[in-house]
Amino acid sequence: MLRMSTLFLRTLREDPVDAEVASHRLLVRGGYIRRAAPGGYTWLPLGWIVYRNVERIVREEMDAAGFQEVHFPAMLPREPYEISNRWTEYGDNLFRLKDRRGNDFLLAPTHEEMFTLLVKDLYSSYKDLPLHIYQIQTKYRDEARPRAGLLRSREFVMKDSYSFDIDDAGLQVSYDQHRAAYINTFDRLHLPYVIVSAMSGAMGGSASEEFLAPIEVGEDTFVRCTSCDYAANTEAVQVRPPVATSWQGATAAVVADTPDTPTIQTLVDLVNARADLRHPERDWTAADTLKNVVVKLKHPDGTFSALAVGLPGDREVDMKRLEAQVGPAEVVAFEADDFAKNPSLVKGYIGPGSLGKDQPSGIPYLVDPRVVDGSAWITGADAPGRHVMYLTMGRDFTPDGVIEAAEVHGGDPCPNCGESLEIARGIEIGHIFQLGRKYAKSLGLTVLDHNGKQVTVTMGSYGIGVSRAVAAIAETVADDKGLCWPREISPADVHIVITGKPADPQGPAAEQLAAELEAAGARVLLDDRVGVSPGIKFNDAELLGVPTIVVVGKGLAGGTIEVKDRNTGERVDVAVDEIVPYLLDICGIRH
RNA sequence: CGGGGUGUAGCGCAGCUUGGUAGCGCGCCACGUUCGGGACGUGGAGGCCGGGAGUUCAAAUCUCCCCACCCCGACCA
């Protein structure tokens, strides 16, 4: 039994000044967590109970799916990560340290390499596959900017699983099994989620989906279709390209003097105002222009290369989307020095005429999928103060390829059904992806197939942010008074508040009730503090968020005890001799 | 990494402009009263004023350097 009189807990009357989001604020105010380091939190007794409940549910669901738990060290040697190239690719986000001999170690941000090597160590036959193993482990990532309490910290707990299969069909089955297990897990955690298509990012691999809890303070932006079930992380949205057309009979390209048109808007205004340049039937819009943006890519080995992106002028380059495409390279600005080294680039008037591997600049030129064969554009003429009109793709220019890097707008057509997309935000609580053979290949994980031939194993990787899930749950259940935990996650089933003077009969009655409930299997938090005013007790009970609040107070004289539902706020008075079975029913405990 | 901000008691803050005994509210301790929505009285404890150097008879306060943390952006599972 938890007793408020002795519990290592101090609730705060005021919001912590550094907490912005509800989960962070309330978990600190309620005495669940305390900040110990930038991006590192201490779990206090109530918080640790909640954390363990979440962890237990995750573990039970993994076990129920037939996955086997293992446990690796968090501190690992450099070599495996050197082989997979992630020692370099992870960059500054990797916590690195040295032992006394100067050997490099790291605090693992994730464990693909180690799982792969472990399986290589023990297994060598297709008969051993498929295999699903997982761990629940502390992970370390040296985030540039930890924030929002547990939502983004530098030390956090992740459940990571890995599947090993002999072929792609097997991987698909394993992936589906994990997907189903995740659905069960998040349902049981009472976490709302949207499953979105995702990019695999630094992990490598192909098919990938994220489980996002749709919460405004989330850091991930995703789109979903207002009509069909399409949903995708913004980075993974595939633009629905228009139909390519023939350029037979299309207007010939013409170069026009367009002085003082440094921006898309000034350009559009000018061509609409000039009789010789006006569109024959309608006004030109920014979407008729082709904007060419040159960026520099910083590669993991420290070298730089340039890249040009062509996209409709009504859209900016979305850096996240671009980086998702060019990763692990980082995108940095193309600066004045760089222009100086490429005299064929005329700042503000860059056009397809100078871009492309075979063009004067030699810079690879990738265009937005909306730039299809036969589409005509107003774009830079590679000369100061000049633009070219009706420049037609396929006829007048041919880029080196296509890239998904333009920002996504609410109202854009769904790539699946063509209806309108909407933009929303969420917290990433789970991520599943088909890694394929990247790690198995680089680390040499092969088995003999039924023909006695060596084949490379194909893998899947699956993660749930366990500590983050605690915050995400808190975020979804928070109200203006405090938290309201799902029963299975709550630190207790019932929170019993005693009111009245110390010598009143409420004390002994509450003690007896608590003892009976505990004997029947309910978890009780008893507010037996003496000399604390009832207002404080009621407020603390609402802040802490145990789903059922029981008040043993003034009603006792009339033979009743008050039961309050934290979620709905409903109160009922229950007769003393019926209270135990009544509460056990609420708690779902058979008696 | 860029922009902005803050460091004074456990928490939240004032004091700094114009240098001169370290303050307030909450919390904490003792005693008494109160006891269903953050009670009251009386008396207490608790500070290297983020760190270092400088100016000065004298620095929380002025100057310089450093550090830490927070927010926005960049970045990021």
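**A space inside, then the RNA surface**

Guide: The largest cavity holds about 60 Å³ of space. A cavity here is a set of points, on a 1 Å grid over the protein atoms alone, where a 1.4 Å probe fits but cannot get out; grid points are joined across faces, edges and corners, and the volume is the space filled by probe spheres set on them. Please bear in mind that the model is predicted, that local features need pLDDT of at least 70, that side-chain atom pairs count only at pLDDT 80 or more, and that totals for chains, interfaces and linings use all residues. Residues are numbered from 1 along each chain as its sequence is written, chains are lettered from A and ligands numbered from 1 in the order in which they are written, and side-chain values use heavy atoms, leaving out hydrogens and water.

With a threshold of 30 Å³ or more, the count is one cavity. Its lining (residues with an atom within 4 Å of a point) includes Val237, Gln238, Val239 and Arg240, together with Arg370, Val408, Asp412, Pro413, Pro415 and Leu421. By class, that lining has six nonpolar residues, one polar and three charged. Nonpolar means Ala, Val, Leu, Ile, Met, Phe, Trp, Tyr, Cys and Pro; charged means Asp, Glu, Lys and Arg; the others, Gly among them, are polar.

Now let's turn to the RNA. RNA strand B is surrounded by 41 residues, each with a heavy atom within 4 Å of the strand. Arg141, Arg145, Arg152, Glu428 and Glu542 are the closest. The surface near RNA strand B has 22 charged, ten nonpolar and nine polar residues.

Helix H13 (534–544) gives the largest share of that surface, seven residues, while helix H8 (319–326) and strand E29 (560–565) each supply at least two. Helices (H or I, at least four residues) and strands (E, at least two) are DSSP runs numbered from the N terminus.

An N or O atom in the side chain of Glu562 is 2.8 Å from a base nitrogen of RNA strand B. For Arg468, a polar side-chain atom lies 3.3 Å from a base nitrogen, and for Glu143 the distance to a base nitrogen is 3.5 Å.

Key: Polar contact = N/O pair within 3.5 Å; in protein donor to acceptor, adjacent residues only side chain to side chain. 1 Å grid on protein atoms, 1.4 Å probe; cavity = no way out; pocket = protein on both sides within 12 Å on 5 of 7 lines; lining within 4 Å.
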